[in-house]
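Take some time with the sequence and the 3D view before reading on, and turn the model slowly as each part is named.

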Amino acid sequence: AKKVAKKPTFTVPEPPAVIVKKEDIPVAIESLPEASVPENTVLKLKARKPSRDGTMRPAQASEIYLTTQDLRELLKDLTKDPAVAGEVRSVAELWAKAEKNVSQNPEVALGVKSILLSAKVGRARIDPYGQASLKNLYEDDKYYVIGIDKDVDTNVVTIWSKEVEVAPGENLVELSSTDIIYQE
């Protein structure tokens, strides 16, 4: 009788259970399955800016970004230059000047937009009445509202930055002159 060698058998051990908490996973809200996104938590925005005559008027067509980091943190790599490092005001000034002269400094303007787009939780454009809204946000999270307005008539750039907390339901946030970190 011929001896047949037994084939060795291998058992693959079960991988250890890994517990991952929601806050440990960086996920943009747009990529979450529909069932896991809260539907009733809304952030309504009103944005106003000073005009040349000193009166407050609604911002129009301003870009608003909702992020989980403030502007200085988001743009820290752009401010390695000691001339602009440190203050939020100088970061905002760098961005505003790049927006004013996009043809002279396209890489800075595009770099800032790219950073904001990759860091955003939400994005909105202000309507002609100075309003916008962002829906399906997680409540009890701390966010930063970062906005930029470029007036085509005056070439004045206004940048707002405001830390906000989102509660369940409807939240109203007003961006006014006290939230402007740069205007020129």
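The paragraphs below go from the overall layout to the sheet, the cores and a few single residues.

What you see is a predicted model, and its secondary structure consists of three helices and nine strands. If you consider the contacts between residues at least 6 apart in sequence, 68% of them join residues at least 24 apart.

Strands of a sheet pair through backbone hydrogen bonds, and they do so either parallel or antiparallel. Here five strands make up an open sheet in the order β4-β3-β6-β7-β9, with antiparallel pairing. At its edges lie β4 and β9 (180–183), each of which pairs on one side only, and neighbouring strands are turned against each other by 15 degrees on average, direction ignored. The antiparallel pairing of β7 with β9 runs over three bridges, and within it W160 has I180 of β9 as its bridge partner. Helix α3, which covers residues 106–119, packs on the sheet and touches β3, β4 and β6, while its direction makes about 115 degrees with that of β4.

Another pairing to look for is that of β1 and β8, which run parallel and are joined by six bridges; in this pairing, L45 has V173 of β8 as its bridge partner.

The next step is to look at how nonpolar residues gather. In soluble globular proteins, nonpolar side chains tend to be buried together. The largest nonpolar core of this model has 21 residues, and those touching the most other members are L43, L45, L66, L134, L137, Y143 and V145. At least two residues of this core come from each of β1 (42–50), β3 (63–67), β4 (120–125), β5 (131–134), β6 (142–150), β7 (157–165) and β8 (170–175), and the largest share, three residues, is supplied by β1. Apart from this core lies another one, of 20 residues, which includes L74, A98, V108 and L116.

Is D149 buried or exposed? This residue belongs to strand β6, and it counts as buried because its relative accessibility is 1%, which is under the 20% limit. The side chain of D149 is joined to that of K49 by a polar contact of 2.4 Å. Leaving aside residues up to four places away in sequence, D149 touches K49, A59, Q60, S62, V156, V157, T158 and W160.

N136, in the loop between β5 and β6, has a positive phi of about 60 degrees although it is not a glycine. N155, in the loop between β6 and β7, likewise is not a glycine and has a positive phi, of about 65 degrees. N136 is partly exposed, with a relative accessible area of 27%, and N155 also counts as partly exposed, at 31% relative accessibility.

Note on methods. Residues numbered from 1 in each chain as written. Predicted model: local features only at pLDDT ≥ 70, side-chain atom pairs only at ≥ 80, totals over all residues. Heavy atoms only, no water. Helix = DSSP H or I, 4+ residues; strand = E, 2+ residues; numbered from the N terminus. Contact = heavy atoms within 4.5 Å. Core = buried A, V, L, I, M, F, W, Y, C linked by side-chain atoms within 4.5 Å. Buried < 20%, exposed > 50% of the residue type's maximum accessible area, 1.4 Å probe, protein only. Pairing = 2+ DSSP bridges. Polar contact = N/O pair within 3.5 Å; in protein donor to acceptor, adjacent residues only side chain to side chain. Axes fitted to C-alpha atoms, helices over the stretch in contact; angles between N-to-C directions.
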